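Good morning, and thank you for joining.

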Amino acid sequence: MLRFVTTNEGKLREAREYLGAEAEVRQLDFDTTEIQADDIATVAAHSAREAYEHVDEPVIVEDSGLFVDALAGFPGPYSAYVEDTLGIERVWHLAEMEDDRSASFRSVIAYCDGEGFAASPEPVDTERRGPDQGADERATATTDDQVAAGDIPVKLFEGYVPGEIVAPRGEGGFGYDPIFEHDGTTFAEMDAEEKNAVSHRGRALAKFGEWYQARTQ
Ligand code: IMP
């Protein structure tokens, strides 16, 4: 059994859709200290260690953000705070003033079970997903590495999806979904299966699921 440390029902739903076959995913409603860092991997790794120490069972933590290219990656690691304070309409209005409205969602899954990891030469999944992902080198910048810092090892899996910021459309999903368009459709216009097939979280979950299955066999 795997504990997913989140209070976000949308994320939990997506993880279950994706990992259903590989793992029984149970929600762990535990308030980790979300450290201020301008790198979502650092935030996720810190939270995973803290949650593992609390529950003493295998845990995953997911940290994600929306990065708008013309706004120097804003809101990035501050996406949750900006969503709560400014709201997604204001983020759309900021992007609307720019000629370049390209953006990306990024996701990092941090896994911790208190054990070390054998040095793993594999990138678990280096294939790109989606028609327009080939253009960006960052899609292959996997962080499928052991994080050396700290005493408890954490393994990281990264996902990335490119898109554009648009005026809000669609009723589904959560967070910034209505203003993020991928391949002509906003995430809020997709059902969970369609979104998982292309999303940052889907990609990170796919990498994690494959690795986790091998680990638990
Ligand atoms: P956190 O990872 O829970 O800190 O969330 C980061 C922020 O990004 C929150 O405001 C989420 O609503 C938003 N976010 C993360 N993933 C998605 C997504 O798939 N769609 C829309 N918003 C997202």
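This is a predicted model: local features need pLDDT of at least 70, side-chain atom pairs count only at pLDDT 80 or more; totals for chains, interfaces and linings use all residues.

A polar backbone atom of Ser64 lies 2.9 Å from an oxygen atom of the ligand. Asp177 places a polar side-chain atom 2.5 Å from a nitrogen atom of the ligand. For His200, the distance between an N or O atom of the side chain and an oxygen atom of the ligand is 3.3 Å.

How much of the ligand does the protein bury? Taken alone, the ligand exposes 480 Å², and 92% of that is buried by the protein.

Which elements give two or more residues to the shell around the ligand? They are strand S3, residues 59–68, helix H3, residues 79–85, and helix H6, residues 200–216. The largest share comes from H3, with three residues.

As for the make-up of the shell, seven of its residues are charged, four are polar and four are nonpolar. There are 15 residues around the ligand, and those that come nearest are Lys11, Glu83, Asp177, Lys195 and Arg201.

I turn now to the aromatic residues. The structure holds 10 aromatic pairs. Consider Phe157 and Phe208: their ring centres are 5.4 Å apart and their planes meet at 75°; planes over 60 degrees apart count as edge-to-face, so this pair is edge-to-face. The pair joins distant parts of the chain, since Phe157 belongs to strand S6, residues 154–165, while Phe208 belongs to helix H6, and the two are 51 residues apart. Both Phe157 and Phe208 are buried.

Phe208 also pairs with Trp211, and here the arrangement is tilted, with 6.3 Å from centre to centre and 40° between the planes. Why are Phe208 and Trp211 separated by about one helical turn? Because they stand three residues apart in helix H6. Trp211, like Phe208, is buried.

These contacts belong to a wider arrangement. Ring pairs connect Tyr111, Phe157, Phe208, Trp211 and Tyr212 into a cluster.

Arg106 lies over the face of Phe67, at 5.1 Å from the ring centre.

Note on methods:
Residues are numbered from 1 along each chain as its sequence is written. Side-chain values use heavy atoms; hydrogens and water are left out. A residue is near a molecule or strand if one of its heavy atoms lies within 4 Å of it. A polar contact is a pair of N or O atoms within 3.5 Å; within protein, one must be able to donate a hydrogen and the other to accept it, and residues adjacent in sequence count only if both atoms are side-chain atoms. Accessible areas come from the Shrake-Rupley method with a 1.4 Å probe; for residues, only the protein chains shown count as cover. Helices (H or I, at least four residues) and strands (E, at least two) are DSSP runs, numbered from the N terminus. Ala, Val, Leu, Ile, Met, Phe, Trp, Tyr, Cys and Pro count as nonpolar, Asp, Glu, Lys and Arg as charged, and the others, Gly among them, as polar. Rings of Phe, Tyr and Trp (its six-membered ring) pair if their centres lie within 6.5 Å; planes under 30 degrees apart count as stacked, over 60 as edge-to-face and the rest as tilted. Buried means under 20% relative accessible area, exposed over 50%, partly exposed in between (1.4 Å probe, protein chains only). A charge sits over a ring if NZ of Lys or CZ of Arg is within 6 Å of the ring centre and within 35 degrees of the ring normal.
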